[in-house]
Amino acid sequence: MSVARPNQPLSLALLTYQKPIAEIDALRPRHLEWISARIEAGEVLLAGRRASATGGVMLYRGEAEAIEAIARTDPYIIEGAATLEVVGFTAAIASAEIGALLA
C-alpha cells in the first residue's frame with residue numbers, strides 16, 4: 001500500500017442530538033438537502049449518522065473556523081435539534097486513494 005501526504009486542512013464536525021429522534025427525523029429531509037448542497041459546493045466530503053443514533057459526523061474540507069460558520073447553517077443546528085463540535089486537523093498522511101481525492 002502506498003502512502004500519500006496530502007497536507008490538507010480538514011475539519012470533523014460532530015453533531016449530538018438534543019431532541020427526540022422523532023423531531024430529528026422530521027428535520028432529516030431538510031438536513032439531507034443541506035448536506036447535498038454542501039457536497040456540491042465542495043465543502044463536505046462525507047457524512048453519516050453515528051452508529052448509536054445519537055448524532056452525526058461530517059468531514060469537511062477546510063479550516064475549523066470557516067467550517068464552523070458553515071456548519072452552523074445546518075437545519076439541525078438552526079432548529080436547536082443538535083449541538084455542534086468542530087475539530088480541525090491537518091491530513092498529514094493518508095492512503096494513496098484518499099490522498100488522490102484530497103489533491
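Strand 2 (residues 8-17) and strand 4 (residues 55-61) form an antiparallel pair over seven bridges, where strands are DSSP runs of type E with at least two residues and helices are runs of type H or I with at least four residues, both numbered from the N terminus. Two strands are taken as paired if DSSP finds at least two bridges between them. Within this pair, Leu14 stands opposite Val57 of strand 4. The model described here is predicted: local features need pLDDT of at least 70, side-chain atom pairs count only at pLDDT 80 or more, and totals for chains, interfaces and linings use all residues. Residues are numbered from 1 along each chain as its sequence is written, and side-chain values use heavy atoms, with hydrogens and water left out.

The two strands belong to an open sheet of four strands, in the order 3-4-2-5 and with antiparallel pairing. At its edges lie strand 3 (44-49) and strand 5 (82-91), each of which pairs on one side only. On average, neighbouring strands of this sheet are turned by 15 degrees against each other, direction ignored. Angles run from 0 to 180 degrees between N-to-C directions, and axes are lines fitted to C-alpha atoms, for helices over the stretch in contact.

Two helices pack on the sheet. Helix 1 (residues 21-40) touches strand 2, strand 3 and strand 4, and its direction makes about 165 degrees with that of strand 3; contact means heavy atoms within 4.5 Å. Helix 2 (residues 64-71) touches strand 2, strand 4 and strand 5, and its direction makes about 150 degrees with that of strand 5.

His31 is a residue of helix 1. With a relative accessible area of 6%, His31 is buried, a class defined as under 20% relative accessible area, whereas exposed means over 50% and partly exposed lies in between (1.4 Å probe, protein chains only). Apart from neighbours within four places in sequence, the contacts of His31 are Leu15, Met58, Asp74, Pro75 and Tyr76.

Strand 3 and strand 4 are also antiparallel partners, joined over five bridges. In this pair Arg49 stands opposite Gly56 of strand 4. Leu46 is likewise located in strand 3, and counts as partly exposed because its relative accessibility is 47%. Its contacts, leaving aside neighbours within four places in sequence, are Val57, Met58 and Leu59. Between Leu46 and Val86 there are 40 residues of separation in sequence and 15 Å in space, C-alpha to C-alpha. In a regular strand, side chains alternate between the two faces of the sheet.

Ala53 lies in the loop between strand 3 and strand 4 and, although not a glycine, has a positive phi of about 55 degrees. The hairpin formed by these strands has five residues between them. Ala53 is partly exposed, with a relative accessible area of 35%. A positive phi is also found at Asn7, where the value is near 50 degrees. Asn7 is placed in the loop between strand 1 (3-4) and strand 2, and counts as exposed at 60% relative accessibility.

A further loop, between helix 2 and helix 3 (75-78), holds Arg72. This residue counts as partly exposed, at 40% relative accessibility. Arg72 and Ile21 are 51 residues apart in sequence and 20 Å apart in space, C-alpha to C-alpha.

For the protein as a whole, four helices and six strands were assigned, following the pattern β-β-α-β-β-α-α-β-β-α along the sequence. The C-alpha trace spans about 45 × 25 × 20 Å along its principal axes. Of the 103 residues, 35% are buried. Among contacts with a separation of 6 or more, 75% are between residues 24 or more positions apart. The accessible surface comes to about 5,900 Å², of which 57% belongs to carbon and sulfur atoms; accessible areas come from the Shrake-Rupley method with a 1.4 Å probe, and for residues only the protein chains shown count as cover. There are 9 positive and 12 negative side chains, and the centres of the two sets lie 3 Å apart. Lys and Arg count as positive and Asp and Glu as negative, while His and the chain ends are not counted; the place of a charge is taken as NZ of Lys, CZ of Arg, CG of Asp or CD of Glu.
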